[in-house]
Structure formats: structure tokens, C-alpha cells
Amino acid sequence: MYIREYRKSDDENKLMTMIENEEGWTYSDDNMAEKYKTALANSVTYVAYEGDVLCGYSRSVNDWGFYIYVCDLLVMPSYRGRNVGRKLMECIYNDYPNHIVYVMSDVDEYYKKQDYKRMGSIFEVPNINKCNE
Ligand SMILES: CC(C)(COP(=O)(O)OP(=O)(O)OC[C@H]1O[C@@H](n2cnc3c(N)ncnc32)[C@H](O)[C@@H]1OP(=O)(O)O)[C@@H](O)C(=O)NCCC(=O)NCCS
């Protein structure tokens with residue numbers, strides 16, 4: 001298994017097909033797919049390959065030299081439990097050794113199991129747009 005940076009021309013179709021098969025991930029819906037492809041190409045995105053099978057990926061955003069925020073992490077079901085997820089997270093530090101990597105968690109239990117340290121939580125700011133009143 002190896003991990004490398006995402007290349008749109010080589011990886012986009014395989015990655016979108018993988019997402020299509022993941023229950024509850026809507027990025028492959030017609031109206032989301034093009035937006036998501038743009039996001040993949042403009043994010044810090046890594047792919048994991050076993051042979052020529054794209055078996056996992058992570059997508060993160062770079063906060064201009066301060067932090068890296070992992071937004072998405074997905075491993076194909078038949079490749080889970082083999083540290084692919086963990087490696088997709090750890091490889092970010094190879095390319096960004098002076099950043100702190102945070103993950104926006106949907107599945108706390110997984111990250112707890114990896115012994116990640118909890119740092120606060122996410123709050124949604126209500127969009128009531130009264131800033132100029
Ligand atoms: C979460 C996910 C990325 C883990 O990938 P993975 O390659 O199997 O993870 P690793 O091999 O690095 O770690 C496996 C360990 O994590 C545990 N684990 C995996 N998913 C877990 C979950 N949802 N809750 C608790 N533990 C979990 C496994 O039991 C395993 O434990 P073990 O080492 O004691 O056997 C994968 O299950 C996945 O793609 N899930 C669906 C998408 C998702 O939830 N993504 C994360 C939020 S964006």
C-alpha cells in the first residue's frame with residue numbers, strides 16, 4: 001500500500017466511484033459532484049493505493065501556514081482495519097511538518113481509539129446576518 005498526493009487526472013474518477021458506494025456520502029450526487037471535484041483539486045488531498053486500487057483518501061484544508069484541518073477521511077470497506085486511515089492522517093505531517101493537524105470529527109470513537117487528543121469542539125454560527133444592524 002502506498003500513499004501519495006491526489007492527482008486529478010489519475011484519481012478523480014476512481015475516488016468519486018468510491019464515494020458513490022459509501023452510504024450517506026452525498027458528494028457523488030449530481031449537483032454536488034462537480035463542486036466536490038473542485039474541492040478535491042484545491043484541497044490538501046491524499047490517496048491510498050493498493051496496487052491500482054484507490055482504497056482510501058483524505059481531504060484537508062490549509063489555514064495559510066497555521067493549521068491543517070482534515071475534513072474528509074474514507075477507506076473502502078474491504079480495506080479497513082489495516083491502518084490505511086491512520087496513515088492517511090499521519091502522512092500530512094511529512095509535507096507539513098510545521099503545522100498542527102486537526103480533524104473535524106464525525107466519528108469520535110475512531111479518533112479516540114487512535115489516541116488523538118480532544119481539542120474543543122465545533123459550533124455552528126447561526127446565519128441570521130444581522131452584522132450591520
Ligand atoms: C473511519 C475509517 C476511515 C477508519 O479507516 P481504517 O483504515 O479502517 O482505520 P485504521 O485501520 O487506521 O484503524 C482501524 C481501527 O479503528 C477502529 N475503527 C474504525 N472505525 C471506527 C469507528 N467508526 N469507531 C470506532 N473505532 C473504529 C477499528 O476497529 C480498528 O481498531 P483495531 O486496530 O483495534 O482493530 C473507516 O472506517 C471509514 O472510512 N469509515 C467511513 C467514513 C468515516 O466515518 N470517516 C471518518 C469521518 S469523516
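Good morning. The structure above is a predicted model, in which local features need pLDDT of at least 70 and side-chain atom pairs count only at pLDDT 80 or more, while totals for chains, interfaces and linings use all residues. Residues are numbered from 1 along each chain as its sequence is written.

I begin with the overall build. The protein has five helices and five strands. Here helices (H or I, at least four residues) and strands (E, at least two) are DSSP runs, numbered from the N terminus. Read from that end, the elements follow the order β-α-α-β-β-β-α-α-β-α. Along its principal axes, the C-alpha trace spans about 55 × 35 × 30 Å. Of the 133 residues in the protein, 22% are buried. A residue is called buried if 20 or more other C-beta atoms lie within 10 Å of its own, exposed if 12 or fewer, and partly exposed in between, with C-beta atoms placed from the backbone.

Let us turn to the sheet. In what order do the five strands stand in the open sheet? The order is S1-S2-S3-S4-S5, and the pairing is mixed. Two strands pair if DSSP finds at least two bridges between them. Strand S1 (2-5) and strand S5 (100-103) stand at the edges with a single partner strand each, so one side of each has no neighbour in the sheet. On average, neighbouring strands of this sheet are turned by 30 degrees against each other, direction ignored. For such angles, axes are lines fitted to C-alpha atoms, for helices over the stretch in contact, and angles run from 0 to 180 degrees between N-to-C directions.

S1 and S2 run antiparallel and are joined by four bridges. On the other pairing, S2 (residues 44-50) and S3 (residues 53-62) are antiparallel over seven bridges. Tyr46 of S2 stands opposite Glu5, and its bridge partner in S3 is Ser58. Val44, in turn, stands opposite Ser60 in S3. The hairpin of S2 and S3 has two residues between the strands, and Gly51 takes a positive phi near 60 degrees there. Is S2 largely enclosed or open? Five of its seven residues are buried, so S2 is largely enclosed by the rest of the structure.

Next, the packing. Helix H1 (residues 8-20) lies across S2, S3 and S4, and runs at about 95 degrees to S3. The largest nonpolar core has 21 residues, and those with the most contacts inside it are Leu15, Val47, Ala48, Tyr57, Leu74 and Leu88. Such a core is a set of buried Ala, Val, Leu, Ile, Met, Phe, Trp, Tyr and Cys residues joined through C-beta atoms within 7 Å. Two or more residues of this core come from each of H1, helix H2 (30-41), S2, S3, S4 and H3. S4 gives the most, with five residues. Leaving aside neighbours within four places in sequence, Val47 is in contact with Ile3, Arg4, Tyr6, Asp11, Leu15, Leu54 and Tyr57. Two residues are in contact if their C-beta atoms, placed from the backbone, lie within 7 Å.

I come now to the ligand. Which of the 16 residues around the ligand come nearest? They are Arg80, Gly85, Arg86, Glu109 and Tyr110. A residue is near a molecule if its C-beta atom, placed from the backbone, lies within 6 Å of it. Strand S4 (67-75), helix H3 (84-90) and helix H5 (108-113) each supply at least two residues of this shell. S4 gives the most to the shell, with four residues. By type, the shell divides into six nonpolar, three polar and seven charged residues. In this count Ala, Val, Leu, Ile, Met, Phe, Trp, Tyr, Cys and Pro are nonpolar, Asp, Glu, Lys and Arg are charged, and the others, Gly among them, are polar.

Finally, two residues with a particular backbone angle. Asn83, in the loop between S4 and H3, has a positive phi of about 70 degrees although it is not a glycine. Asn83 is partly exposed, with 13 other C-beta atoms within 10 Å. Asp115, in the segment after H5, also has a positive phi, near 70 degrees. Asp115 is exposed, with 6 other C-beta atoms within 10 Å.

Thank you for your attention.
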